[in-house]
Amino acid sequence: MGGEPNEARVVAAVPKGLLVAGQWGDAGDGGTFDVVDPSTAEVLCAVADATPDDGQRALDAAAGAQKEFAATAPRARADMLMAAFDLLHERIDDLALLMTLEMGKPLAEAKGEIAYAAEFFRHFAEEAVRIEGGYQTAPAGGARFLITKQPVGPALLITPWNFPMAMGTRKLGPAIAAGCTSIIKPAAQTPLSMLALGEILREAGVPDGVVNVLPTSRPGELTEPLLRSGVIRKLSFTGSTAVGRVLLEQSAEKVLRTSMELGGNAGFVVFEDADIDEAVAGALAAKMRNTGEACTAANRLFVQRSIIGEFGERLAKAMSELPVGRGVEEGVRVGPLIDETAREKVQTLVDDAVAGGARVLTGGTAPDGPGYFYPPTVLTDVPVSARMGSEEIFGPVAPLTPFDTEDEVVAEVNDTEYGLVNYVFTNDLRRGLRVAEALESGMVGLNQGVVSNPAAPFGGVKASGRGREGGRTGIEEFLETKYVGIAM
């Protein structure tokens, strides 16, 4: 796949408007904004730029559809999700190419994301028909407790640019399964995948007004009135902690239910008894997935001092051999960063670490030429005081820091306001479990570099967020528990 004719075809096929009440249309003021290919810095197309008035139209549509959709049979909602699952797989090649063009990730990764995204629909189709309540006798007798689950109501879903399809299905899957209508706002850098998904959901039989898609270049102006409206009852956001804090403040006025998947600062710990081949492979997966642009990316790699030399050499060799280029080119494993601002931040963090005493084992300097590329980079002897020890790198840079003892490394990994995921590599089962329990994060990868799975509860603690997505808990985020007391 690939090639300019194919690229033009898949871009042309995507709706470029707003999806409101089941219909595609222009923004109220006719405004548009450009979508840029980060591998060339060239404009792919323009899409409608939603205004606050468009947000109100979408809010009216979601509110108007809520009662009827909540009354829809769970099996009918499950069937909608399974129909969308099938369509995602039928169109996986075109959808993957579209994602690569707007976001930059290699085609193989984009294709993997479409399959991963589809799996959220299948998982929550299965959960839709298993929403449970309860019936019990009051402990003192004389009454019964009837416990039931009901949809929270209209939801605002805000997705990031780094996984533009999967982060949408991870939110839309449980919302639809639970019987909630929604407004989804994709990131301005990558709206095309979500626009394509909006059309797929229409074709899958999702009723008009149940899913409304609003791309915009002015997210704050669009979302704040929605959160303060009193009509939206649920916010699900994936993005930075800084933006998440603002949204939480805005949500507090109407006491909204919130799910927040925010920033990460993942520690990746390699003990001297680990299988080094396994640990290097795990580091490549945890660091280089999505070119390092992931909240779950290994941000701080702590390697026991006795093996840091060997580990660093082997990781640097593996990283240096990864082909860099446009994601549509055959064999490419590392695509561009999302924009020039992202690349400049990565270079600044690398320069800061080197100034503090870190040594460059491979990479370390942005190349000349078009696109926002940065080479796979390994640094060793990175001081814990380096900026990248407290700031997300969001790029293909692996900073290695030595440690001596288990207690020392646990304290260093936990010395952050974030707590999304950490990784531990050791062949000592007791040590692995002991360290996993001691680490302050919502998830731990034990001898594995990827933890995301639609059937598992994804989320963090501390400044990495609240609530969980995926697993059985994912649908609970969109359900209210109602208790009915019955006198006997």
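A salt bridge is a side-chain nitrogen of Lys or Arg within 4 Å of a carboxyl oxygen of Asp or Glu. In this predicted model, the structure holds 31 such salt bridges.

The side chains of D273 and R431 meet in a salt bridge, with an N to O distance of 3.6 Å. D273 lies in the loop between β12 (266-270) and α10 (276-288), whereas R431 belongs to helix α14 (residues 429-438), so this pair ties together parts that are 158 residues apart in sequence. R431 is buried, its relative accessible area being 18%, because buried means under 20%. D273 counts as partly exposed at 28% relative accessibility.

A salt bridge also joins the side chains of R245 and E417, at 3.0 Å from N to O. Since R245 is placed in helix α9 (residues 241-252) and E417 in the loop between α13 (406-414) and β17 (421-425), the pair connects parts that are 172 residues apart in sequence.

Within helix α11 (residues 308-320), R314 and E310 are four residues apart and thus separated by about one helical turn. The closest N and O atoms of their salt bridge are 2.7 Å apart.

| Residue | Relative accessibility |
|---|---|
| R245 | 42% |
| E417 | 39% |
| R314 | 30% |
| E310 | 40% |

Finally, salt bridges link R170, K171, E261 and E469 in a network.

How values were computed. Residues are numbered from 1 along each chain as its sequence is written. This is a predicted model: local features need pLDDT of at least 70, side-chain atom pairs count only at pLDDT 80 or more; totals for chains, interfaces and linings use all residues. Side-chain values use heavy atoms; hydrogens and water are left out. Helices (H or I, at least four residues) and strands (E, at least two) are DSSP runs, numbered from the N terminus. Buried means under 20% relative accessible area, exposed over 50%, partly exposed in between (1.4 Å probe, protein chains only).
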